[in-house]
Amino acid sequence: MKGVVLAGDRKVEILDFPDPAPGPGEVVLEIRASGMCGSDLKFYRAAGGAASLGFKMSDGPVIAGHEPCGVVVAVGAGVPEREARIGMRVMQHHYRGCGVCPHCATGWMQLCVEGVAEVYGATAHGAHARYMKCPARTLVPLPDELSFETGAAISCGTGTAWAALHRLGLQGDHTIAIFGQGPVGLAATQLASAMGARVIALDVSSERLARAREFGADATIDPKATENVVQAIRDATRGLGAHLSLDASSSPLARAQAVRCVRTWGKACFVGEGDTVTLEVSTDLLRRQVTLIGSWTFSTIGQGECARFVADRGIAVDRIFTHRWRLDEAEEAYRLFDSQTTGKGVITPSA
Ligand SMILES: [Zn+2]
Ligand SMILES: [Zn+2]
């Protein structure tokens with residue numbers, strides 16, 4: 001089979017790999033949708049690829065893609081039928097841990113006390129290929145009502161937004177300011193709006209702000225065109241500030257504004273990876289009783305709950321994909337995604 005490799009320095013390679021066969025406890029998926037996540041851009045751009053970002057690498061090139069969704073086509077020895085059977089429609093939780101520590105046992109393999117053993121699509125073969133091998137315990141059933149593309153989105157970007165909103169304790173009577181309307185921020189706008197909250201969406205791209213309004217944002221702010229972003233959010237909240245904020249931009253300035261724009265007793269959450277932030281602990285945090293939360297992706301349980309919510313409420317999560325690509329179009333797909341003005345792309349390796 002062909003697999004897409006992000007070699008770093010903005011190079012995309014499509015290489016030949018053997019078709020995988022499942023070992024004990026494993027399955028092979030036929031991938032129907034493999035989403036492109038913002039964090040893939042880090043591997044795409046890095047000089048030296050994922051290895052240079054501190055990931056423990058296996059030998060040789062690794063197939064990218066950590067938003068896997070497809071159908072079980074082969075089941076290895078010792079996998080109970082309730083866990084996986086041929087033809088089952090599934091998402092995949094893209095981490096492998098020891099499987100038995102308290103974090104793995106509660107569906108948080110990325111927090112494994114022995115360190116995460118594999119991140120699929122970064123240190124082990126991911127979903128930008130026709131087939132993908134993984135432990136059966138990393139599968140999360142895809143509700144019948146949901147498309148494979150929706151499942152792919154939930155497998156990282158939308159699931160990450162879901163988990164962050166839960167960490168924040170979002171309620172329908174809250175106003176939340178969401179910094180950055182890339183795939184994760186836009187998904188947060190869509191979900192928070194569906195949960196009944198009022199959303200103030202921020203981004204420096206007018207295209208992305210227009211999309212945010214389509215996805216339910218009540219108000220939008222372009223920080224480049226706004227003299228005082230924190231004041232603008234206070235002005236939109238009767239002078240009090242937002243109840244909650246979420247930073248999905250990773251910008252040091254946006255992160256500081258995300259903390260400063262919440263009201264007294266408010267909560268701010270960071271989901272964007274990398275870079276830094278500078279805060280005044282007294283004025284920004286403690287004298288206003290502000291809670292600051294870091295949130296990294298989601299558990300298998302949260303992934304399933306997000307899918308159930310999306311199915312039950314009929315939320316059009318797959319609208320987040322503006323571009324659909326065949327496997328052999330991966331180079332063009334990443335070149336366009338790299339511009340960070342478009343929406344999210346999805347690769348359909350079995351098409
Ligand atoms: Zn991701
Ligand atoms: Zn573990």
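**Exercise 1.** Is Arg 10 buried, exposed or partly exposed?

*Solution.* The structure is a predicted model, in which local features need pLDDT of at least 70, side-chain atom pairs count only at pLDDT 80 or more, and totals for chains, interfaces and linings use all residues. Residues are numbered from 1 along each chain as its sequence is written, while chains are lettered from A and ligands numbered from 1 in the order in which they are written.

Step 1. A residue is buried if 20 or more other C-beta atoms, placed from the backbone, lie within 10 Å of its own, exposed if 12 or fewer do, and partly exposed in between.

Step 2. Arg 10 has 15 other C-beta atoms within 10 Å, so Arg 10 is partly exposed.

Step 3. Arg 10 belongs to the loop between β1 (2-8) and β2 (11-16); helices (H or I, at least four residues) and strands (E, at least two) are DSSP runs, numbered from the N terminus. Although Arg 10 is not a glycine, its phi is positive, about 60°.

**Exercise 2.** Classify Thr 297 by burial and locate it.

*Solution.* Step 1. Thr 297 sits in the loop between β15 (291-294) and α10 (300-313).

Step 2. With 23 other C-beta atoms within 10 Å, Thr 297 is buried.

Step 3. Thr 297, not a glycine, also has a positive phi, about 45°.

**Exercise 3.** Describe how α4 packs against α10.

*Solution.* Step 1. The axes of α4 and α10 are 9 Å apart, and the angle is about 100°. Axes are lines fitted to C-alpha atoms, for helices over the stretch in contact, and angles run from 0 to 180 degrees between N-to-C directions.

Step 2. Angles under 35 degrees count as roughly parallel, over 145 as roughly antiparallel, 65 to 115 as roughly perpendicular and the rest as oblique. The two helices α4 and α10 are therefore roughly perpendicular to each other.

Step 3. Thr 158, Gly 159, Trp 162 and Ala 163 of α4 meet Gly 302, Gln 303 and Cys 306 of α10, where contact requires C-beta atoms, placed from the backbone, within 7 Å.

**Exercise 4.** Which residues of helix α6 are buried, and where do they lie on the helix?

*Solution.* Step 1. In α6 (residues 206-214), the buried residues are Arg 208, Arg 211 and Ala 212.

Step 2. Viewed down the axis of α6, these buried residues fall within an arc of 105° (taken from the directions from the helix axis to the C-beta atoms), so they line one face of the helix.

Step 3. They pack against α5, β11 (198-202) and β12 (219-221).

Note on methods: Two residues are in contact if their C-beta atoms, placed from the backbone, lie within 7 Å.
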